[in-house]
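Colleague: Could you take me closely through one part of this model, namely how its strands are paired and how its helices pack? Please state the cut-offs behind each term as you use it.

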Amino acid sequence: MTARTSDIEKAAGVLRSGGLVAIPTETVYGLGADAENPAAVSRIFQVKGRPPSHPLIVHLGGSAQLDDWVEEVPTTARLLAEHFWPGPLTLVLRRGPRVPLEATGGLETVAVRVPDHPVTRALLADFGGGVTAPSANRFGQVSPTTANDVRAELGDAVDFVLDGGPCEVGVESTIVDATGGNPSILRPGGVTREDLEAVLGRPLPVPSTSRVRVPGQHPSHYAPRARVVLVEPEKVVAEAELAQESGHRVGVLLPPSCAGTPVKAHTKVAVPGSTAAYARGLYGFLREFDQRGCDLVVASLPTEEGLGLAIANRLRRAAGPRPTA
Ligand code: TXA
Ligand code: MG
């Protein structure tokens, strides 16, 4: 915990006066505003360059507040909240009257979560209300996992950056549609599918990456400036060499199972030692490739188990078709 009590009080004051505060969470940094202040919520969309129809997550200080923000809490949602909060799980539920439509992009449902980070938990306790926060990056770009990433990404557009050190998990929360009796995963993330299924006692549907399920999930998202290509592990060396010979500056990102792969042609190679380290480092590596001037990232997916499912989802989106404008 890097922020001091005075920082937390300052951040709560900024939120109360309708300002924007970057908040550390266990997943990624968020760009926070008072959820009940529609003008402040609208500013988030301006700063991010995000279309106003894309809904935000409301962050709460504890599970006890859930009933204040949603219309109804089905039994399965209560079970998941009890097991995984505070933590990297977001539940989509029916919107309560406290949630302005600005925060939900006009939807009658709302996404809520209780983050597990000591600095932001202290802020939420001091502030008392809900904080709407998308990831603190410009629309479509790589999410920030350090306070410096936020400053580099948003500069003066954010009123205060609360520094909570590097994010532990590194990929966003798992989003579960819990409005009905049959929950489904809308976005894989920090809570694994296996852990959710163990608690629910049944399999959970997961969307295929190619289908756009909810607003705000375009094919190209979480993307660095460099183009990202996904290849089989055994083709990485050849692909990187070919690209370098034709004049590209190449970044290489490999799963832990590829440790020891002799990649020579590269500007930077990253081979995290575990799936958790891959998730924690993923966005930092993508940012670093950009900073080193790479114009191409050759990456291999991890197996889609545990956190590997979320990593593969983000890399597929990073490699997805980019807007041509
Ligand atoms: O880990 C996280 O979830 C981070 C930290 C800051 O909490 N936040 C985050 O927010 O990733 P954002 O805005 O980058 O992504 C939120 C996702 C979007 O894909 C949005 O479409 C979805 O949540 N979402 C929000 N409200 C929804 C709703 N009512 N129904 C379906 N999807 C919703
Ligand atoms: Mg985001």
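Modeller: Strand β8 (residues 174-177) pairs with β9 in the antiparallel sense, over 3 bridges. Strands pair here if DSSP finds at least two bridges between them. Helices (H or I, at least four residues) and strands (E, at least two) are DSSP runs, numbered from the N terminus. Opposite V176 stands I185 in β9. The model is a predicted one, in which local features need pLDDT of at least 70 and side-chain atom pairs count only at pLDDT 80 or more, while totals for chains, interfaces and linings use all residues. Residues are numbered from 1 along each chain as its sequence is written, and chains are lettered from A and ligands numbered from 1 in the order in which they are written.

β8 and β9 belong to an open sheet of 9 strands with mixed pairing, in the order β7-β1-β2-β6-β3-β5-β4-β8-β9. Its edge strands, each pairing on one side only, are β7 (160-161) and β9 (184-187). Helix α1 (residues 5-16) lies across β1 (21-23), β2 (30-34), β6 (131-132) and β7, and runs at about 60 degrees to β2. Axes are lines fitted to C-alpha atoms, for helices over the stretch in contact, and angles run from 0 to 180 degrees between N-to-C directions.

Another open sheet has 4 strands with parallel pairing, ordered β10-β13-β11-β12. At its edges are β10 and β12 (268-270), each pairing on one side only. Neighbouring strands of this sheet are turned by 20 degrees against each other on average, direction ignored. Strand β11 (residues 250-253) runs parallel to β12 and is joined to it by 3 bridges; L253 has A270 in β12 as its bridge partner.

Helix α11 leads from this sheet to its helical neighbours. Its buried residues (20 or more other C-beta atoms within 10 Å of their own, C-beta atoms being placed from the backbone) are L309, A310, I311, N313, R314, L315 and A318. They pack against α8 (193-200), β10 (227-230), α10 and β13 (296-299). Helix α10 (residues 275-291) and α11 (residues 308-318) pack at an angle of about 25 degrees, with their axes 9 Å apart. The two helices are therefore roughly parallel to each other, a term for angles under 35 degrees. T275, Y278, A279, L282 and L286 of α10 make the contact with G308, A310, I311, R314 and A318 of α11, where contact requires C-beta atoms, placed from the backbone, within 7 Å.

Methods:
Angles under 35 degrees count as roughly parallel, over 145 as roughly antiparallel, 65 to 115 as roughly perpendicular and the rest as oblique. Two residues are in contact if their C-beta atoms, placed from the backbone, lie within 7 Å. A residue is buried if 20 or more other C-beta atoms lie within 10 Å of its own, exposed if 12 or fewer, and partly exposed in between; C-beta atoms are placed from the backbone.
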